[in-house]
Amino acid sequence: MQTERIAIEGMHCANCSALIEKMVGRMDGVQECTVNLAANNGEVTFDPTQTSMAEVVETIVGLGYGATVIPHEGRSAFDEQRRAREAAQHAHDLRMFVMSLILTILVMVVCMTPAGMTLTMPVATALFGAQHTHEQMMLAMNLVCMVLTIPVQFVAGLRFYRGAWGALKARTANMDTLVAVGTTIAFAYSLYVTFSPRAAGAMAPFETSAMLITFVQLGKMLEARAKGRAGEAVESLMSLAPKVAHVHRADQVVDLPIDDLRIGDVVDVRPGEKVPVDGVVVAGSSSVDESMLTGEPMPQEKVAGDEVTGATINGNGALTVRATRVGADSTLSRIVEMVEKAQGSRPQIQRLADRIAAVFVPAILSLGLVTFLGWLAYAAFTGGISSASFEHALMAGVSVVVVACPCALGLATPTAVMVGTGKGAEQGILIKDGDVLQQAGKLRRVVFDKTGTITQGMPMVVGVAHGEEASEQDVIRFAGALEQGSEHPLACAVLMYAAEHDIAIPRDMVDDFEALTGLGVVGTVDGERFGFGNERLVRELTGAGLPAWCEEFSRDGAGAHATVMYLVFASFGVAGAIAAADSPKDSAAEGVARLRRLGCDVYLLTGDARAAAEHVAAEVGIEADHVMAEVLPNQKADRVAELLDPAHEELVAMVGDGINDTPALATADIGMAMSAGSDAALEVGQVVLMHDDVVDVARAIELSRATMRKIHQNFVWALGYNLLLVPLAAFGILPPELSSACMALSSVSVVSNSLLLRRVRL
C-alpha cells in the first residue's frame, strides 16, 4: 500500500470533505481516504497496482474541486506555487465580492428606497414613453433590478452552482446545494413577479438572492482568512528553511535551490546564515543557535565531525558541511510532515460531526419544503392563498434553507486541532495524531524514565572504592577498557573521570566483549574473564553477593545516593566499585509539581538501585512509594502495564528518552519521547518533546484540555446556532437576507473561537 497527500481547493463545508472521502474511498484499490476541511488537504492510502494518483486526482476534479498531489521532493517549490494559486483565488474572490456588493447595493437602492423610482424613470420613459402607467414603472424597476442581479446570481454565484452540480452527480448534497437552491428559488420567484400578468405592479424581491450570495461570499472570504491563520504554525516552520545553499560543484561554489541538493553534497555556511541541510561539519568551527530545535538558548560550539541540523543559525564562524539528509528526509521536513499529519488526522470526537453532516443538508432541504407547504396550508385555512401569503411562505422556506450552516459543524474539530497542534509545535511539543491530542487531557498517571528524562543524563563519578587486589587506577583502567566506545551515560562518566585524572585507558586489550542486557558488560584480558556492571552481574560471574566493603560503600559511602557499578573478576570476585550520580534537570521539580496540580500521579521508573532512585525522586517531588527501581529494560513495559486502567478512564503516559524505552512507550496509553529531536524520538513517541523539558509533559496535557474545551465550545455554538435560528427562520421571524448573514458569520465564529487557542499560555 502507498500513501500520498493531496492539496484540495474549493471545499466549503463538512459535506464537501465527506463527498470526496466517499467517492475516492469507493475506488478500486483505495484502502482509506481522509480529508481535512480546515487544512484543505487529504491523505489517500491505496494499492498502486489497482489505481493511481492521477485517477484519484481525476475523481476529485470531477466532483468540482481542485486537486494536486503534494510531492515528497521539491516541497518548497510546490508550496510557493500553491500559495500563488491561493493568492490568485483570493484576489478573484475579492473581485467577485466587490462586484456583488456594488450591484447588490444598487439593487437595494432601486427596490427599497424612494430614490429607486427616480433613478429608473429614464428607463421607464425609454421603454414606455413619457406617459407610462404605474404598472409600467414597476416593470421598469424590476427589469433594472434583474439586469443588476444576473451577474451576482450567475457570475459571482457560479462557484455555488459548480459545487452543487458536483454533489448532485455524486447523489449527495452540500452547502453549495443549500446556497444554489435558496438563491435560485428567490431569483426565479423574482422573475415570476417581473413577467407574470398576475403580479403586475408588484415589486420583485431581487435583492433577496443578491444579498444572499453577497453575504455568503463575505463569510467564505472571512472563513478562508481565518483558516489561513489556523495553518500559520506550519507556514512558520517551513519558513525556517533557507531557500538556497552555497554548494561545491566542479571545483567551484554555486548557489542552488535547497530542493536540488543531494546526499554527499558539500556546502558552505557563512557567518549569520541558516544551515541549509542536515549534515556533518568537515571544516571550520563556529557556534550554532539550535533553539528552534532544542529550545536551548545558548549556541552550541561546532567543529569538524560534529553534526548540524538544517534551519539552525550559524554564528560568527564559517562552516563547511557534508549533507547527510536532504529534502523530505531532513529533520525539519519530517517535523513539518508530522505536524501536517496531526492537523489532517481525525480524532474520535470528529465522528459525531461526520454522522450529523451526512444527513444535515437533506434534512434541511426537507425542512425548507415543509416550511413552505406549512405556511401555504396556514394561509389556506385562514383566508385563502394570496400573492402576499405565497411570497411569505416561499421566503420562509428559503430562509430555512439558507440559514442552516453545515460549515460551522464541519470546522468545529479540524480548526481546533490545527491550531492546537500548531501551538504545540511552536512550543516544541509535537503531537502526531488528533486522537492523541484528544486523549492527552485524560492522563492521570505519568511514568518517567530516570536517566536522561528526569535527570540530566550526564552522570559524574563521585566516588571510587577498591579491594586489596586492585588500586583506584586499576579499577578505572579496567572499567574504562570495557566501556571504551560505549555511549552509555555511565560509560561516558568513567571515561571522563579517567581523562580528568590522567589515567590511561589501554586500547584493544579486551577480547570476547559482550553486553549483557540489564547487567553490564563483560570481556576477557589475558585469559581472565571480568566484567563491569551492577550487583546482578556480580552474582552472575561469581555466584556470590557483594563483599562487606562494597555494601558499606553502597550504603554509607559515596554510593549511598548514586548509581554504583562494580568491577568484578570471575576468578576472585569484586575488585572495585565506582559511584556515579546524575543530577535532576532544572525543570524536573517544576514539571512534577505542575503535573500534580493537573491531578496526575507521577511515577519514576529506573534500573538503578532503589536508594539512588529514591534520592532523585525526593529531589523532584515524587513519593517514595511511586518509585519503581531496579527494573530490567525488558521489565519496564510490564511495570507500565500494571498501571493501566482496563476501563481506559484514567490514562497512563510513559515518558522516555528514546529507542531504549520503546516497549514501555508502546505499552502506555500515550508514549512521550524526550530526546531533543533525535531520530529515535521522532519515530518512537506519539508525542515528541523537542526541548527535552519535563515541564513540556504538563504543557502537552494543558494543551489537550484547552483544545478539547474549544472543540466542545465549537460544537455547542454550531449545533446551538442551527437549533435556534432554523426555527426562527421557519416561523418567518428571520428574513432570507438576515439568514444569509447569519450563515456567513457562523463558520467565521467557529474558526475565530479556535484561533483563540493561540493565546493560551502553557
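**Exercise 1. Asp696 and its partner**

Task: Is Asp696 buried or exposed, and with which residue does Asp696 form a salt bridge?

Solution. Start with accessibility. Asp696 has 1% relative accessibility, so Asp696 counts as buried. Buried means under 20% relative accessible area, exposed over 50%, and partly exposed in between, with a 1.4 Å probe and protein chains only. The model is predicted: local features need pLDDT of at least 70, side-chain atom pairs count only at pLDDT 80 or more, and totals for chains, interfaces and linings use all residues. Residues are numbered from 1 along each chain as its sequence is written, and side-chain values use heavy atoms, with hydrogens and water left out.

Next, the partner. Asp696 forms a salt bridge with Arg699, with the closest N and O atoms 2.5 Å apart. A salt bridge here is a side-chain nitrogen of Lys or Arg within 4 Å of a carboxyl oxygen of Asp or Glu. Arg699 has 17% relative accessibility and counts as buried. Asp696 and Arg699 are 3 residues apart in helix α26 (residues 695–730), about one helical turn. Helices are DSSP runs of H or I with at least four residues, strands are runs of E with at least two, and both are numbered from the N terminus.

**Exercise 2. Two bridges across the sequence**

Task: Which parts of the chain do the salt bridges Arg85 to Glu9 and Lys636 to Asp661 tie together?

Solution. Take Arg85 and Glu9 to begin with. Their side chains meet at 3.0 Å, N to O. Arg85 lies in helix α3 (residues 75–112) and Glu9 in strand β1 (residues 2–9), so the bridge ties parts 76 residues apart in sequence. Arg85 is partly exposed at 30% relative accessibility. Glu9 is partly exposed at 31%.

Now turn to Lys636 and Asp661. Their salt bridge spans 3.3 Å, N to O. Lys636 sits in helix α23 (residues 636–643), and Asp661 in the loop between β24 (651–656) and α24 (662–667), so parts 25 residues apart are tied together. Lys636 and Asp661 are both buried. Asp449 joins Lys636 and Asp661 in a network of salt bridges.

**Exercise 3. Strand β18 and its neighbours**

Task: How many bridges join β18 to β17, and how many to β19?

Solution. Two strands pair if DSSP finds at least two bridges between them. Strand β17 (residues 511–516) runs antiparallel to β18, with 4 bridges. Leu516 has Gly520 in β18 as its bridge partner. On the other pairing, β18 and β19 (residues 528–533) are antiparallel over 6 bridges. There, Gly523 stands opposite Phe530 in β19. Last, check cover. In β18 (residues 520–525), 6 of the 6 residues are buried.
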